[in-house]
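Let's walk through this structure together, starting with its overall layout and then moving into the details. Please have the model open as you read.

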Amino acid sequence: MPFAPASGTEILRQRKPLLSFCAICRSGTLVAGIIVAASSAAFVLTAGCTAPSTRWSPGAAIESQMTPQPVRVGAATLTLKLADGAGQAISGARIALEADMSHAGMSPAFGEAKESTAGRYQGNVTFTIAGDWVLLAHITLPAGQKIERQINVGNVRAS
């Protein structure tokens with residue numbers, strides 16, 4: 001039995017009409033929601049995903065040199081010089097090297113660069129095949145900042 005008030009009058013249930021997509025857009029609710037979501041996503045992406053190298057002092061420099069020239073299949077030596085914004089050598093960094101072919105399917109080669117003199121680091125990498133390579137230097141500074149430097153080694157020649 002349906003519920004009826006004591007006075008005997010019938011309860012009229014009024015249904016609210018469903019809002020159409022256009023009505024929601026006109027009311028601004030949907031548009032405001034999209035704006036808030038987009039600005040929140042932009043904030044998270046810029047604040048949480050800043051590349052480590054952008055946190056390093058703006059005047060810092062990394063110089064690199066590969067020997068022998070031209071680079072050939074086999075062992076090659078990478079020399080890196082690290083300096084801060086004032087031009088002072090940066091000592092005590094750790095540098096891991098990773099060499100990858102520019103096309104998929106080849107195994108990477110790994111190495112490590114050690115400090116030979118203040119701010120000067122040398123490491124060996126073995127290029128296993130002729131072609132274009134990308135050398136990544138994963139640098140961890142003494143204060144813990146991380147930097148990645150990409151060095152394109154094009155046209156490694158056969159021995």
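This is a predicted model: local features need pLDDT of at least 70, side-chain atom pairs count only at pLDDT 80 or more; totals for chains, interfaces and linings use all residues.

The protein chain holds two helices and seven strands, where helices (H or I, at least four residues) and strands (E, at least two) are DSSP runs numbered from the N terminus. Residues are numbered from 1 along each chain as its sequence is written, and side-chain values use heavy atoms, leaving out hydrogens and water.

Now to the sheet. The seven strands make an open sheet with antiparallel pairing, in the order S1-S2-S5-S4-S3-S6-S7; two strands count as paired if DSSP finds at least two bridges between them. Strand S1 (61-67) and strand S7 (146-156) are at the edges, and each has a single partner strand, so one side of each is left without a neighbour in the sheet. From one strand to the next, the twist averages 25°, taken between axes that are lines fitted to C-alpha atoms, with angles from 0 to 180 degrees between N-to-C directions.

For a look at one pairing, find strand S4 (residues 109-117) and strand S5 (residues 120-127), which run antiparallel and are joined by four bridges. Here Thr117 stands opposite Arg120 in S5.

Finally, consider the chain as a whole. Of its 159 residues, 23% are buried, meaning under 20% relative accessible area with a 1.4 Å probe, protein chains only. Among contacts (heavy atoms within 4.5 Å) with a separation of 6 or more, 57% link residues 24 or more positions apart.

Notes:
Buried means under 20% relative accessible area, exposed over 50%, partly exposed in between (1.4 Å probe, protein chains only).
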